Amino acid sequence: MKTYYNPEDLKKFGNIGEFQKPLADKFFDYYGETFKEGALTAREKSLIALAVAHTIQCPYCIDAYTVDTMEKGCDEQQMMEAVHVAAAIRSGATLVHSVQMMNKYKELSM
Amino acid sequence: MIKSLKARKSELADVGYEISILSEKTPTGFEPDAFGSKLRQTGLYPLSPTKIEILQINVGKMCNQTCKHCHVDAGPDRKEIMTRETMQHCLDVIKGHSFTTIDLTGGAPEMNPHFRWLVEEIRKIDKKVNIIVRCNLTIIVANPAYHDLPDFFKKHNIEVTSSLPYFTAMRTDSQRGEGVFEKSIKALRMLNAVGYGKEDSGLILNLVYNPSGAFLPGSQESLQVEFKKKLKDPYQIVFNQLFCITNLPISRFLDYLLVSGNFDDYMEKLISSYNPVAAEGVMCRNTISVGWDGYLYDCDFNQMLEMKVETSDQHISKWDTETLTQREIQTNQHCFGCTAGAGSSCGGATS
């Protein structure tokens, strides 16, 4: 069956340089550098990536960072809590806009 | 409790079948002799020993646990154990060769009725050699006859290396069996109580982490920090080092990979994570592994695949350091497990 997303394509991510190498090289250097141990641990960065992957709903990233967080020793509770953080921010962002709705409502109401 | 592959009469209990899977089911895009090719590319083929420093003795396949990933296919239903006569051959070799480490493994090595005798005899020969026992922890609390093991280990200054795949019950029990985590914690407290793992006690307690599934271990250093924190806070348990070991695709872990449909992806990950530095430091270059029946192997994994050392005399009773040092180490695709990422050995990461 043909689908837009193919799990095999994740392994080909590195091939994006085929069409534009200098920019791909710059991107992968930046990517690699970003995920190194720093002020945040590589483990913390991986959990952030997992949460963001759910927010942007990228199936490749979800697969990749599920594996990565497991390899880095995160357990299922920590992983799910990270996703809840993403979900809370997303729903919070929706709800905080309701202040605008309330403002407008009050402006128009007698 | 699950049964061993042998008791289940699984096809995978036949090493010929296992080896055919490893040799023939290489993922698409890789050569059938991918490991040999990688070694050639990095100038390590044929793989040869550096110096024989470690004698790893597998005293038997009998175990009180049946872990899902066990490469030995050990369990309570396995009866193959080393006799005192074969142990005597090992002692004769220990007398005549200067090893840095004698590594006792199994199964649960303590279940061999001659285990304590073997340890005492090794200590009589060599007061200083590092003796490691690969203790599964739960054996200490399994039966009152084993409750004094921490004292026995201490008396003979044995280094204890114990598997604890994770610091939560859920993930530990999913790999090692229901209730294993709780019993392991109890056993770790008993080891700590006699001084194991405590600073300045000189009694070494190392833990082994291996992933509970089809993924590779992360950084040993980071995981050690996490394990120390998670075992100290709620359980007041201390230990020395954490060793990260990659699961090799043989025996019960191979069975799991095939049944769960993870075999191809796992092999691909192992192969694409080949690290030449780890390959240079693989444990088979300074270790000889002795099977329960006295036959010699390059490592405990080759032992389980019945790939004996490639020398004319393959039994401990005919030990010859020179020929063993000059031998060619036997390899197959499972060896990628020791060369992936930061590398893997019985002493953890190798690079």
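B:M62 counts as buried because it has 22 C-beta neighbours inside 10 Å, where 20 or more are needed. This comes from a predicted model. B:M62 sits in the loop of chain B that runs between β1 (54–58) and α3 (84–96). Leaving aside residues up to four places away in sequence, B:M62 touches B:A74, B:R78, B:K79 and B:I81, and also B:G106, B:G107, B:A108 and B:M111. B:P76 lies 14 residues from B:M62 along the chain, yet the C-alpha atoms of the two are separated by 5.5 Å.

Two packed helices are described by the angle between their axes and the distance between the axes. For α3(B) and helix α4 (residues 115–125) of chain B, the angle is about 20° and the axes are 10 Å apart. α3(B) is therefore roughly parallel to α4(B), since angles under 35 degrees are classed that way. The crossing of α3(B) with α4(B) is right-handed. On the α3(B) side, the contact is made by B:M87, B:L91, B:I94 and B:K95, and on the α4(B) side by B:L118, B:E121, B:I122 and B:I125. Sorted by class, this contact has six nonpolar residues, two charged residues and no polar ones.

Further along chain B comes helix α8 (residues 180–193). α8(B) has 14 residues, and the distance from its first C-alpha to its last is 20 Å, close to the 20 Å expected at 1.5 Å a residue. Its buried residues are B:V180, B:F181, B:K183, B:S184, B:I185, B:A187, B:L188, B:L191 and B:N192. An α-helix has 3.6 residues a turn, so residues three or four places apart point the same way. The buried residues of α8(B) pack against helices α5 (138–142), α6 (149–155), α7 (169–176) and α9 (220–235) of chain B, and against strands β4 (158–163) and β5 (205–209). After α8(B) comes B:G195, which has a positive phi, near 115°.

Methods
Residues numbered from 1 in each chain as written. Chains lettered and ligands numbered in written order. Predicted model: local features only at pLDDT ≥ 70, side-chain atom pairs only at ≥ 80, totals over all residues. Helix = DSSP H or I, 4+ residues; strand = E, 2+ residues; numbered from the N terminus. Buried ≥ 20, exposed ≤ 12 C-beta atoms within 10 Å, placed from the backbone. Contact = placed C-beta atoms within 7 Å. Axes fitted to C-alpha atoms, helices over the stretch in contact; angles between N-to-C directions. Parallel < 35°, antiparallel > 145°, perpendicular 65-115°, else oblique. Left-handed = near helix turned anticlockwise from the far one by under 90°. Nonpolar A, V, L, I, M, F, W, Y, C, P; charged D, E, K, R; others polar. Expected span 1.5 Å × (residues − 1).
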